[in-house]
Amino acid sequence: HIILRKWIVLAEPQQSEKIIQGGNVITKHRQPQGFDGQAAGFLKVSMVVLEAGMPAPSLENLAGLTGEDDIESNLLHLPGVSLSPAVFSLKVYKAVDIPQMDHENLLNRLRNKKKDCADPYCVFSFAGKQAKSSVSYNSRSPQFNEKLNISFKYPSVCDKLKIQLMDEDFGTPDDYIGTIFIFVSQLSGQGGNEFLPTFGPCFVNMYGSPREYSDWPSKHEELDKGIGEGAAYRGRVLVELETKLDVSNGLEVEPVGSADDVRVQPYMQTEEFRLLAVFLEATMLAVEDAQVEFELSIGNYGNKLDDSVSPRPSSTPPTNPVSDGEKYYYLPWGNSKPYVRIDCEWEDISFRLGVLNKLLKICRDLERNIYMLKLTASTSGKGHEFKNSICDILGGLKKDCSPLSKPDPKEFKMTKLDLQVHETRQDVLASIVVECEQLESNLDRPEVILILESFLKRIQIIAVEPQNSMPDVIIWMIKAERERIAYCRIPANELLYFNDENERGEKCGKTIDVNLKFPGKEDSSHKSKFAGMLRLMIWFGRKKEQGEWQELKRTGGRLSVYAETFENQNRLGTWSATKYSRPAFSNANGTISLPKDNFQAPEGWEFSGHWEAHSELSTQFRMDSGCKTFLEDVFENEYRLIPGGLWNKNKTQTSWTDGFGKEILDENNKPIQDKYDVKPPRGWKWSRDQEWIIDLDRAVDSNG
């Protein structure tokens, strides 16, 4: 007899009776009767029955992968443990901001006829089962209005709900647009505050690979599947989850009624927000051979590489990195720091994020106090100073755990989960206050630090906001104005401004250092283990509150706003205006004509002074500025008549050139005849014990 990797239900003696009424779980306590009980948890086991004296076999390779069998069908049901049949109903209303997923027809381009190149549909998965919506063809803002049903046993061993957006393709596998996981434990109460899982109506944001479309397969496709941290915003879906017991009509997909469609409209009302940032320093950069700029975005606002987005001042000027004299490169911004601003519109969920920030602050303060208390105990023992520290910690914790203010339903549109989470948090904080008062009367308890750590864990559990529809703020390092190199994600609540300092984001308006990282698997495989570091100040809040960003004024800086155009010239002997590839004056990419005479000041503004020519910042530095070593390269030009044949010198072309085919001259201004005739620049000398090395990885120059 053998059981392989089966989930078994842990049961407790039946000391209470749980009655589900109107979606809530009412607990009635009574005396234990027998050994029947409710599910108290799940344990995964492998068991085998052997004869006496037989050796126990290895059970490691007798079943499938451990991550593939966490499903309801692999649950070993025990008699006397009640699991109720239930149904998850996910109402999928709409999706927005979906990136381009398919190639655009050439004929539509010639006709200047825009087409939404995506055929999205939604997939809802739980416990090995899934339900799919219908496909919305040629739409990047589809209206689904469908209900996806999945039946299961409640309570379930599984804790992850998975929502995916897919793009239907013909002849090839469907593409992943984005994936979001939602934990059931965050949607239902625990302990004495149990309620059936519920969610929304609320937008959920999806992250994955960069949005820019390419005909080639994405090298970060695993991010769109939900494997690893998503590096870019991929869109959002408006959903609502409802759980029903002992109810199932057997339908996987149902239409959403018009009444529901009307009911969710207030949840989509938006407020004007503004995201501001000052970039102070950029150093330790992994890019050295091309111009670098930094892009700030929230959602799809600020995405400069997406043609479907209105342009915004969301990126720093392209600048060539300069060596710091050691092994890193930095951007020479000097005393003129780039400033970016993004105006955007989102649902006003400040009533959720303010409480979340307050709970996170309680956790940070308590964690710091526990550390200092342990330090006091190790240095001074548990004497008078130790007890005074405990009294101070308990007094501050009781003050922090005062009742949370309930949002005004007239000002904010709250969901059922908002009300349930508020009640759960109130109960947890109130119980901690009572236990603090009990602990104050008995400070000699040896486990006092363990009790404080248990307080911390309980607050950390409720310091989670499952209905956070505000997208993260993302900073991208962009190379050569088109290639995304590294990024950093910052949760919006950490930057959000509130009048109450306890609710204000931890990083709002403050000088912070952020480390950039490469996306996906590239982060571990990249030859440079460190992508770069930024020092900046970020402020995010409602547009009407922008005047409260006082930290920028305290720096002593003066904010200047410029109109900018780039002059394009080419050189055939002397510099002159280009006539073919680019307009005389344009944007940085040369794609939009921007003549100086066509600029007009915005309403309420006026230009101060005339146009000024500003050179690119790195031109103020010599090429060898800060460098102690340089790598010199030279190209030998030969030809052969047949593949695999002998190489011959080209009599009509100089044998030794630079990477662009330009001949290299010696001290007498004559073409060199050998690589050893190359001399180092004035003030430099060849490194000792260094010889010319043949680079077999790059056998041709930039022209092939």
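This note walks through a sheet, its charged pairs and its ring contacts.

1. Basis. This is a predicted model, in which local features need pLDDT of at least 70, side-chain atom pairs count only at pLDDT 80 or more, and totals for chains, interfaces and linings use all residues. Residues are numbered from 1 along each chain as its sequence is written, and side-chain values use heavy atoms, with hydrogens and water left out.

2. The sheet. Four strands make an open, antiparallel sheet in the order S19-S15-S23-S22. Helices (H or I, at least four residues) and strands (E, at least two) are DSSP runs, numbered from the N terminus. Two strands pair if DSSP finds at least two bridges between them. The edges are S19 and S22 (511-516). Each has a single partner strand, so one side of each lacks a neighbour in the sheet. Neighbouring strands of this sheet are turned by 35 degrees against each other on average, direction ignored. The axes behind that angle are lines fitted to C-alpha atoms, for helices over the stretch in contact; angles run from 0 to 180 degrees between N-to-C directions.

3. Strand S15 and its partners. S15 pairs with S19 in the antiparallel sense over nine bridges. Within S19, Val-340 stands opposite Ala-277. S15 also pairs with S23 (residues 532-542), again antiparallel, over 10 bridges. Here Phe-273 has Arg-542 of S23 as its bridge partner.

4. Side chains of opposite charge can pair when their charged atoms come close. A salt bridge here is a side-chain nitrogen of Lys or Arg within 4 Å of a carboxyl oxygen of Asp or Glu. The whole structure holds 31 of these salt bridges. One of them joins Asp-343 to Arg-274, with the closest N and O atoms 2.5 Å apart. Asp-343 belongs to S19 (residues 339-347) and Arg-274 to S15 (residues 270-283), so the pair ties together parts 69 residues apart in sequence. Arg-274 is buried at 9% relative accessible area, while Asp-343 is partly exposed at 23%. The cut-offs are under 20% relative accessible area for buried, over 50% for exposed, and in between for partly exposed (1.4 Å probe, protein chains only).

5. Glu-293 and Lys-304. These two side chains form a salt bridge of 2.7 Å, N to O. Glu-293 is in strand S16 (residues 292-298), and Lys-304 is in the loop between S16 and strand S17 (322-323), 11 residues apart. Is Glu-293 buried or exposed? Glu-293 is buried, with a relative accessible area of 1%. Lys-304 is partly exposed at 32%.

6. Lys-387 and Asp-444. Their closest N and O atoms are 2.6 Å apart, in another salt bridge. Lys-387 sits in helix H5 (residues 384-400). Asp-444 sits in the loop between helix H6 (416-440) and helix H7 (448-462), so the pair ties together parts that are 57 residues apart in sequence. Lys-387 is partly exposed, at 30% relative accessible area. Asp-444 is exposed, at 57%.

7. A charged network. Salt bridges also link Lys-91, Glu-240, Asp-260 and Arg-263 in a network.

8. Aromatic pairs. The search of the whole structure finds 14 aromatic pairs. Rings of Phe, Tyr and Trp (its six-membered ring) pair if their centres lie within 6.5 Å; planes under 30 degrees apart are stacked, over 60 edge-to-face, and the rest tilted. Phe-294 and Trp-333 are edge-to-face, 6.3 Å centre to centre, with 70 degrees between the planes. Phe-294 lies in strand S16 and Trp-333 in the loop between strand S18 (329-330) and S19, so the pair ties together parts 39 residues apart in sequence. Both Phe-294 and Trp-333 are buried.

9. Tyr-301 and Trp-346. Their ring centres are 5.3 Å apart and the planes stand at 85 degrees, so this pair is edge-to-face. Tyr-301 is in the loop between S16 and S17, and Trp-346 is in strand S19, so parts 45 residues apart in sequence are tied together. Trp-346 is buried at 2% relative accessible area; Tyr-301 is partly exposed at 23%.

10. Other ring contacts. Phe-88, Phe-126 and Phe-152 are linked into a cluster by ring pairs. A charge sits over a ring if NZ of Lys or CZ of Arg is within 6 Å of the ring centre and within 35 degrees of the ring normal. Arg-236 has its charged end over the ring of Phe-203, 4.2 Å from the centre. The charged end of Arg-489 sits over the ring of Tyr-207, 3.9 Å from its centre.
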